[in-house]
Amino acid sequence: MMKKQQLLLPALVTLGSVLSAPVQAANPVWLEGKNEQSYEIQVYHSPTCGCCKGWVDHLKDHNFKVESIEMHDVTPIKQKLGVPQQGASCHTAVVNGKVIEGHVPAQDIKQLLSAESDIRLLTVPGMPSGGPGMDYEGARKDAFKVFAMTEQGKVSTFNQYQDY
């Protein structure tokens, strides 16, 4: 009996250290461009949405100070902030006066905030599998684009992810 306990103890210690380790994105591409720059961001999302919580964790991995605002219907916030219906996703965020809709990679948000521009919104419409917050183990990696909208309503591609 003593021999079994001695063998089991190292396994439990290893398991405990794995369980207490910080959770990282399943796809390391979402950690690229990580830096110490920190921003405060408000994220509006459903209390039951796991991918929203995954995206919040992604932001925290990139040193964002997240104020998580849970609400059952985010539609009024989207309308107030001028998120076009065709650009909508499951969560909406605001950082330094810019609107962030959906699973926008933190690297792209920081790129937007580090430069002067008239872009008022970044969006990843829908919920592409494999994007930040949707990158659970074994998830399909769908190609997706990050769209930008200016104050004047001009839409362009800010970034795209094909083979990540």
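**Note on the sheet, its helices and an aromatic cluster**

1. Four bridges join strand 5 to strand 6, and the two strands run antiparallel. Within this pairing, threonine 123 has phenylalanine 147 of strand 6 as its bridge partner. The model is a predicted one, and the points below should be read with that in mind.

2. Strand 6 also pairs with strand 7, again in the antiparallel sense, here over six bridges. Valine 146 stands opposite asparagine 159 of strand 7. The hairpin formed by strand 6 and strand 7 has four residues between the strands, and glycine 153 in this hairpin takes a positive phi near 90 degrees. Strand 6 is mostly covered, with five of its seven residues buried.

3. These strands belong to an open sheet of seven strands, whose order is 2-1-3-4-5-6-7 and whose pairing is mixed. Strand 2 (65-70) and strand 7 (155-161) are the edge strands, each pairing on one side only. On average, neighbouring strands of the sheet are turned by 20 degrees against each other, direction ignored.

4. Elsewhere in the sheet, strand 3 (residues 92-95) and strand 4 (residues 98-102) pair in the antiparallel sense over four bridges. For threonine 92, the bridge partner in strand 4 is glutamate 101.

5. Which strands does helix 2 touch? Helix 2 (residues 50-61) packs on the sheet and touches strand 1 (40-45), strand 2, strand 3 and strand 4. The direction of helix 2 makes about 175 degrees with that of strand 1.

6. Helix 4 (residues 106-113) packs on the sheet as well, touching strand 3, strand 4, strand 5 (119-124), strand 6 (144-150) and strand 7. The direction of helix 4 makes about 135 degrees with that of strand 7.

7. Why is helix 4 described as largely enclosed by the rest of the structure? Seven of its eight residues are buried, so the description follows from that count. The buried residues are Ala106, Gln107, Asp108, Ile109, Lys110, Leu112 and Leu113. A reader checking the list will see that Asp108 and Lys110 are on it. The buried residues of helix 4 pack against helix 2, strand 3, strand 4, strand 5, strand 6 and strand 7.

8. Tyrosine 164 is buried, as is tyrosine 161. Ring pairs link Trp30, Phe144, Tyr161 and Tyr164 into a cluster.

Note on methods. Residues numbered from 1 in each chain as written. Predicted model: local features only at pLDDT ≥ 70, side-chain atom pairs only at ≥ 80, totals over all residues. Heavy atoms only, no water. Pairing = 2+ DSSP bridges. Axes fitted to C-alpha atoms, helices over the stretch in contact; angles between N-to-C directions. Contact = heavy atoms within 4.5 Å. Buried < 20%, exposed > 50% of the residue type's maximum accessible area, 1.4 Å probe, protein only. Phe/Tyr/Trp six-rings, centres within 6.5 Å; stacked < 30°, edge-to-face > 60°.
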